[in-house]
Amino acid sequence: MSSESDDDNNDLYAIALKFRPVRKQGYNMSCDVFNKLKDSQGNLKDSLVNDHGGMLSIYEATHLRVHGEDILDEALAFATAHLESTVTRSSPLAAQITHALMQPICKGITRLDARHHLSIYEEKASCNKVLLSFAKLDFNLLQNNIKRN
């Protein structure tokens, strides 16, 4: 049985994971899905700050907001404040947070950011060495093709 806090944290990541790709592809998805992250007073729940990966996901998702989406404006300010306080730790997630705060994924150029993301992924305990090898090979092949042209 999971606690309410665990449910909130799982929802945090799941909401962002569902929202971001839909918006990135240009489809309209209501930001009302973020309302479940609020408490009875209408504030974002304090229990959310314990899930740094989820907060990062929400931070990235909020950059796909449009004018008038107040919940996303609130979520951006909330996530930014809490993420800035976590970057003092040294970990792959801290490196990812630092990079995201400087340049969110949706505002970057995927291929140019690939090298940075590869180095972060390589440091993770859950790193799949085969997948990492293929990603590096893809990156190097692309670089080689650019040099030839």
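**A chat about rings, helices and a pocket**

Colleague: Hi! How many aromatic pairs does the count come to here?

Modeller: One aromatic pair, counting rings of Phe, Tyr and Trp whose centres lie within 6.5 Å. Bear in mind that this is a predicted model.

Colleague: Thanks! How are the rings of F19 and F34 set, and how far apart are their centres?

Modeller: Their centres are 4.9 Å apart and the planes stand at 80 degrees, so the pair is edge-to-face.

Colleague: And where do F19 and F34 lie?

Modeller: F19 is in helix α1 and F34 is in the loop between α1 and α2, so the pair ties together parts 15 residues apart in sequence.

Colleague: Switching to helices: at what angle do the axes of α4 and α5 cross?

Modeller: Roughly 160 degrees, and the axes of α4 (residues 92-102) and α5 (residues 110-123) come within 8 Å. Angles over 145 degrees count as roughly antiparallel, so that is how α4 runs relative to α5.

Colleague: Nice. Which residues make the contact?

Modeller: From α4, P92, A95, Q96 and H99; from α5, D113, H116, H117, I120 and E123. They divide into three nonpolar, four polar and two charged.

Colleague: New topic: what volume does the largest pocket have?

Modeller: About 900 Å³. It is lined by 32 residues, and those closest to its centre are R20, Q96, I105, T110 and H117.

Colleague: Which helix gives the largest share of that lining?

Modeller: α5, with eight residues. Helices α1, α2, α4, α5 and α6 each supply at least two.

Colleague: And how does the lining divide by residue type?

Modeller: Into 18 nonpolar, seven polar and seven charged residues.

Conventions
Residues are numbered from 1 along each chain as its sequence is written. This is a predicted model: local features need pLDDT of at least 70, side-chain atom pairs count only at pLDDT 80 or more; totals for chains, interfaces and linings use all residues. Side-chain values use heavy atoms; hydrogens and water are left out. Axes are lines fitted to C-alpha atoms, for helices over the stretch in contact, and angles run from 0 to 180 degrees between N-to-C directions. Helices (H or I, at least four residues) and strands (E, at least two) are DSSP runs, numbered from the N terminus. Angles under 35 degrees count as roughly parallel, over 145 as roughly antiparallel, 65 to 115 as roughly perpendicular and the rest as oblique. Contact means heavy atoms within 4.5 Å. Ala, Val, Leu, Ile, Met, Phe, Trp, Tyr, Cys and Pro count as nonpolar, Asp, Glu, Lys and Arg as charged, and the others, Gly among them, as polar. On a 1 Å grid over the protein atoms alone, a cavity is a set of points where a 1.4 Å probe fits but cannot get out, and a pocket is an open set with protein on both sides within 12 Å along at least five of seven lines; lining residues have an atom within 4 Å of a point. Grid points are joined across faces, edges and corners, and a volume is the space filled by probe spheres set on the points. Rings of Phe, Tyr and Trp (its six-membered ring) pair if their centres lie within 6.5 Å; planes under 30 degrees apart count as stacked, over 60 as edge-to-face and the rest as tilted.
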